[in-house]
Amino acid sequence: MPVMPAKAVRLLPALKQYFGFTSFRPLQEEIIRDSLAGRDVFALLPTGGGKSLCFQLPALVREGLTVVVSPLIALMKDQVDALQASGIAATFLNSSLAAGESRARLRGLHNGEYRLLYVAPERLMLSGFLSDLQRWGVNLIAVDEAHCISEWGHDFRPEYRQLAEMRALFPGVPMMALTATATGRVRKDIIEHLKLREPACYVASFNRPNLTYRVLARAKPYEQALEFIRNRPRECGIIYCFSRKSAESVAERLNADGIKAKPYHAGLTAEQRSKHQELFLRDEVRVICATIAFGMGINKPNVRFIIHYELPKNIEGYYQETGRAGRDGLPGECILLFSAGDAVKQTQFIDEKPDPQEQKIAREQLHQIVHYAESAICRRKELLGYFGEDFNAEDCGACDNCLSPRATFDGTLAAQKFLSCVYRIREKSGFGVGLNHVVEVLTGADTDKIRRWEHEQLSTYGIGSEHSRTEWAAIGRELVRLGFLRQTAEKFSVLELTNEGREALRQRQSVTLTKPVKTPESKVRRAGEITCDELLFEKLRQLRKQLADERDVPAYIVFSDVALRQMARDYPSTEGDFARISGVGEKKLREFGAPFLAEIAAHLGSNPRQIFADDSFTTPPVARPRMNDTAFATMQAFRAGKKVEEIARERGLVAGTIYGHILAAVEAGQEVDLSRLVTPAQQEQIAKAFARTGYGNLTGAKELLGEHFDYNLLRIYRAAKKMEEGR
């Protein structure tokens, strides 16, 4: 095909005319001119680095059709919509189109009406379609998300391998491979599998200086995510989840807590996914809770945060997903909630893969992301180093390890014990073992394997009582990161001493280790550990005794001392508050809520509220109470138009419980249509009663209104009006 003199082409006028830019980003112009000159090109540009322009602009300055191979329907629609909005003749063909729409687009392609065609690899390689392409004057084949062609890439797709056939069918057409994430091994794969001919290779910096990276110990992940999002009330972001179920659950809970969110995963219909994406793109939804299916090629520039709710599968995927933030160059925050237990869960999925080679690759990738999460050095340095780029600054100023360096300790003794244990196990048995078995030997565990292999006879058996198993596992992983141990990527992964490890053991080399980010462990708290209002506690004990005697049961059957001390510390004033007390379930809330709340209110009527600064029993403050799962289910049914009595019957509950759920929803900030519970005339009567008694005197209002009004309805009305006033 004819080659354009690249230097002669005036690119800036077209850049300004169609895209509104007056200058190129780094490497864009060089890539475009090489492509126009007929060269194959490999381009690795970071997310937000302007990959798409590298094939879109050439399509506008020369005749013919540019074919863009794209893996996701969402990506195609997003880019074609943007191009058409800029007056560029672009289209796509995929399974989302009705037959009539596909035929119309094919006619347009036959008539030469389009400059760009986006198509999935499966559609592209159909024999009839290839025949059509050969008649449409193709001038460039651009393979987007080219890492999908490599089994070492984070999103390997076998159908991408068929693209190699394009070289024989279009021998004179230049090819361009583009990706945002690829290690040296993946780059080599892309060039080989696409049969690129002496390509011009461009690799931009992976550094995204506007992004801040943090890894937090995964304690109560939903509460951690909720607090983070609530602190950014005007910002939007993506929460990446490991499973569809998790994405659905997090989105539901966020909505219940007043944050507009939608799930996005492969289990939804194409129509649902498209709708949810559109709502997010239009800023009508603040948060998308997604599996990795979301985000490739999404051009939303104002994503301000990315939360990885669970451990990603690999570093390439993590880097690309964090790259959705701050595409506009403004600051973005990337939070990874990490628990070593997530790695165990992922290992189980890896073991289910049928292909041993796939398993090996996945294990190696999992080790790398765990290494990143636990590392104490600069996150940016770790990320860039993974992709072969040096980051020489001492302090990036935008990651947790640089902003708040973790404490270190003299780990020489711990390292000696661990390395010695690995050595002794191999010396005795003639084979290596995995990390967990070494930890079990160090901590003196009594397991079948230890007895069968006689490892309880080793000199290192039980010498590690000063650390927990979790701590020893973290120490072992850090020794791998430091190069003293090597961990194989086979199904039964084993630890082996490296030459550096043997030397450190022999020389008793000084080793500095990093204190791990600890996940707070939940403790079973004794009553004596909870400081509280002792006078109120005694009153509640007496009430408990009275209620227990009436029912002829021991006092603890009503409530434990822990529950009473929490009540005497937190002073719950509503049923929503009371439901969060330890041990208060639906039945106890229904049966005992009113008398205990009345006792607490009476106490506060004649005694000052005490403030407790004891850190031994604190809960993270939240802006308002949250609904539990059963209240959430009630509200879904209520919003679907069902009456209280109908919901109670279907769920096997009494109507009072359903009213309690509706009250909890109101207190959690949910809007409830009061007219479905009380008529406008009744609302007017209730308003007059409360105007006389004040909202604090529920009993007085009830007496004024008489038997026609239930306490539950009055509580809901009062809560709704208080919320309105608060807003």
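Mentor: Start at D257, which forms a salt bridge with R230; their closest N and O atoms are 3.9 Å apart. Keep in mind that this is a predicted model.

Trainee: Where do D257 and R230 sit?
Mentor: D257 is in the loop between α11 (244-256) and β10 (261-264), while R230 is in helix α10 (residues 221-230). The two are 27 residues apart in sequence, so the pair ties together separate parts.

Trainee: And is D257 buried or exposed?
Mentor: D257 is buried, because its relative accessible area is 2% and the cut-off for buried is under 20%.

Trainee: How many salt bridges are there in the whole structure?
Mentor: The search finds 29. Some link up: R214, R232 and E333 form a network of salt bridges.

Trainee: What does E374 pair with?
Mentor: R481. Their side chains meet in a salt bridge of 3.2 Å, N to O. This pair links distant parts of the chain, with E374 in helix α15 (residues 356-374) and R481 in helix α21 (residues 469-481). They are 107 residues apart. E374 counts as buried, at 10% relative accessibility.

Trainee: Now a local one. What's the distance between R135 and D132?
Mentor: The closest N and O atoms of that salt bridge are 2.4 Å apart. Both residues lie in helix α7 (residues 127-135), 3 residues apart, which is about one turn of the helix.

Trainee: R135 first: buried or exposed?
Mentor: R135 counts as exposed, at 55% relative accessibility. D132 is buried, with a relative accessible area of 15%.

Trainee: Switching to helix packing. How do α14 and α15 cross?
Mentor: The axes of helix α14 (residues 340-351) and α15 come within 10 Å and cross at roughly 170°. That makes α14 roughly antiparallel to α15.

Trainee: Which residues meet there?
Mentor: From α14, A343, Q346, T347, I350 and D351. From α15, Q359, A362, R363, L366 and V370. By class, that contact has 5 nonpolar, 3 polar and 2 charged residues.

Trainee: What about α13 against α15?
Mentor: The axes of helix α13 (residues 315-322) and α15 come within 8 Å, crossing at roughly 55°. The two helices are therefore oblique to each other. I315, E316 and Y318 of α13 make the contact with Q365, Q368, I369 and Y372 of α15. The classes here are 4 nonpolar, 2 polar and 1 charged.

Trainee: Next, α2. How many of its residues are buried?
Mentor: 7 of the 9 residues of helix α2 (residues 28-36) are buried, so the rest of the structure largely encloses this helix. The buried ones are Q28, I31, I32, R33, D34, S35 and L36.

Trainee: What covers the buried residues of α2?
Mentor: The cover includes β1 (41-44), α3 (53-61), β5 (138-143), β6 (175-179) and β7 (200-203). Just after α2, look at G38, which takes a positive phi of about 90°.

Trainee: And T412? What does its side chain touch?
Mentor: A polar contact of 2.6 Å joins the side chains of T412 and D410. T412 lies in helix α18 (residues 412-429) and is buried, with a relative accessible area of 17%. Setting aside neighbours within four places in sequence, T412 is in contact with R508, Q509, S510 and V511.

Trainee: One more residue, N436. Buried or exposed?
Mentor: N436 is exposed, with a relative accessible area of 54%. This residue is found in helix α19 (residues 435-442). N436 and K417 are 15 Å apart in space, C-alpha to C-alpha, and 19 residues apart in sequence.

Trainee: Zoom out. What's the chain built from?
Mentor: The protein chain has 33 helices and 17 strands. Its C-alpha atoms fill a box of roughly 95 × 80 × 45 Å along the principal axes. Of its 727 residues, 52% count as buried.

Trainee: And which share of contacts comes from residues 24 or more positions apart?
Mentor: Among contacts in the protein chain with a separation of 6 or more, such residues account for 73%.

Methods. Residues numbered from 1 in each chain as written. Predicted model: local features only at pLDDT ≥ 70, side-chain atom pairs only at ≥ 80, totals over all residues. Heavy atoms only, no water. Helix = DSSP H or I, 4+ residues; strand = E, 2+ residues; numbered from the N terminus. Buried < 20%, exposed > 50% of the residue type's maximum accessible area, 1.4 Å probe, protein only. Polar contact = N/O pair within 3.5 Å; in protein donor to acceptor, adjacent residues only side chain to side chain. Contact = heavy atoms within 4.5 Å. Salt bridge = Lys/Arg side-chain N within 4 Å of Asp/Glu carboxyl O. Axes fitted to C-alpha atoms, helices over the stretch in contact; angles between N-to-C directions. Parallel < 35°, antiparallel > 145°, perpendicular 65-115°, else oblique. Nonpolar A, V, L, I, M, F, W, Y, C, P; charged D, E, K, R; others polar.
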